[in-house]
Amino acid sequence: MTSRQRFAYGLLGAPMAMAALPVYIHTPKLYGDELGLGLALTGAILLASRALDTLQDPWLGRLADLMQRQHRGWAVLAGVAASVLVLAYTALFNPPEMLQWQLALWFGVALVLVYTAHSALNITYLAWGANVSHDSHERTRLVAFREGFGLFGVILASLLPMLFSSWFQGVNPWLPYSFVFSLFLLLAIWLLLYRFPLPTKHGLTAQGLFGPLRQSPFRRLATLFLLNGFAVAIAGTLALFYIADVLQLEAYSGLFLATYFISGAVSLPLWLRLSRRLGKSVAWAVGTLVAVVGFVWAVQLGADDMLPYLLICLLSGAALGADLALPAAIAADIIPQQDRGNTGGYFGIWSLINKGVPALAAGLGLPLLAGFGYQPGGGGGLTALAILYAGVPCLIKLISAGLLMRWRRSLEVQYVF
């Protein structure tokens, strides 16, 4: 496969990330505060739509499997999902003036459409990359391109709303953002549909929505993905609290986050080379240990420890490259040949885990932290915050690394299809 084809595949990762981040970060304030919907009603709509989004993923995976049996079926599904996403996203961030009950209905419908279109497109996208090549290392390269562009999309989503607010004063910054996102998404979809090979077609086999979990290697990989994702999600949930109250460096939050994500993007080629030499499972275990060694020192930092924390962001960010590139590549390898027609079902479950873990981390981590006496901006519970932010994730990652080394042989199966 050529570099141009890998580029045509990977580029879609950027607008997919550009779509996701503002929905999670900005819609609560936009609707709950600026548009006057109220925090309670906004929170209820967000919770209900997020639950629906998570639970529908296995069904969307099954839909992708049904579509791949048709000529250019995945191309059609990707095109339709992208079109709906463009319209729904623009509607979500640019609502007209209306009564409160109408605004609540608009918010709920637009949010469900955004979640559904994004999930359908993402599952199809993941399954397409897993089924397009017979070469295991080529599939890993495709994942690396996808995740590298995804990190670029995260950076754009972090910077553009702030820049547009400065450049277009008096104008809703989400209008130019929606325009840029829509053009980027449509360009990426065009490249995927017309410059990237169609996936290999396979027959659909009968199985339930959670049939992939009957495969022992995938069940083990899903367990590792859940554990590792839970560790990362706990740290992500508590990061801004830690920076603001333990380090007392809230003004530098953007710098710390940018350092972390840029380090992850730069490290991707290293993990690709290491996976070729050691195997994907061992390389992922090495990445997990690097994350622990680089991150555990955050437990003992204190006020104004800017340079030590920047170093921690660099080291743990470098390990992020392994987390992004290798688990999904292993998943593409271990799908049995007879199940290649059900690839969407596998990645539907993958997407469900990926979405459920952050909710679980927030649902458990924040109440636990409050139970230890921590209040944002207060002086109590800072030791508990540091331990939950860095110590607990490192412990979970060590458990994950141990299981990964124990199960590594079953995760290195490479089926030829």
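Let me start with a cut-off: buried means under 20% relative accessible area, exposed means over 50%, and partly exposed lies in between, with a 1.4 Å probe and protein chains only. By that scale Leu360 is partly exposed, because its relative accessible area is 40%.

Now, what you are looking at. This is a predicted model, in which local features need pLDDT of at least 70, side-chain atom pairs count only at pLDDT 80 or more, and totals for chains, interfaces and linings use all residues. Residues are numbered from 1 along each chain as its sequence is written, and side-chain values use heavy atoms, with hydrogens and water left out.

Secondary structure next. The protein has 14 helices and 0 strands. Helices here are DSSP runs of H or I of at least four residues, strands are runs of E of at least two, and numbering starts at the N terminus. Read along the sequence, the pattern is α-α-α-α-α-α-α-α-α-α-α-α-α-α.

Back to Leu360. It sits in helix α13, residues 343-371.

Overall dimensions. The C-alpha trace spans about 60 × 50 × 35 Å along its principal axes.

How is the chain packed? Of the 417 residues, 52% count as buried. Contact means heavy atoms within 4.5 Å. Among contacts between residues at least 6 apart in sequence, 83% join residues at least 24 apart.

The surface. Accessible area comes to about 18,100 Å², and 69% of that belongs to carbon and sulfur atoms. The method is Shrake-Rupley with a 1.4 Å probe; for residues, only the protein chains shown count as cover.

Charges. There are 25 positive and 17 negative, and their mean positions are 16 Å apart. Lys and Arg count as positive, Asp and Glu as negative; His and the chain ends are not counted. Each charge is placed at NZ of Lys, CZ of Arg, CG of Asp or CD of Glu.

Last, cysteines. How many disulfides? The count is 0, where a disulfide is a pair of cysteine sulfur atoms within 2.5 Å. Cys313 is buried at 5% relative accessibility. Cys394 counts as buried too, at 5%.
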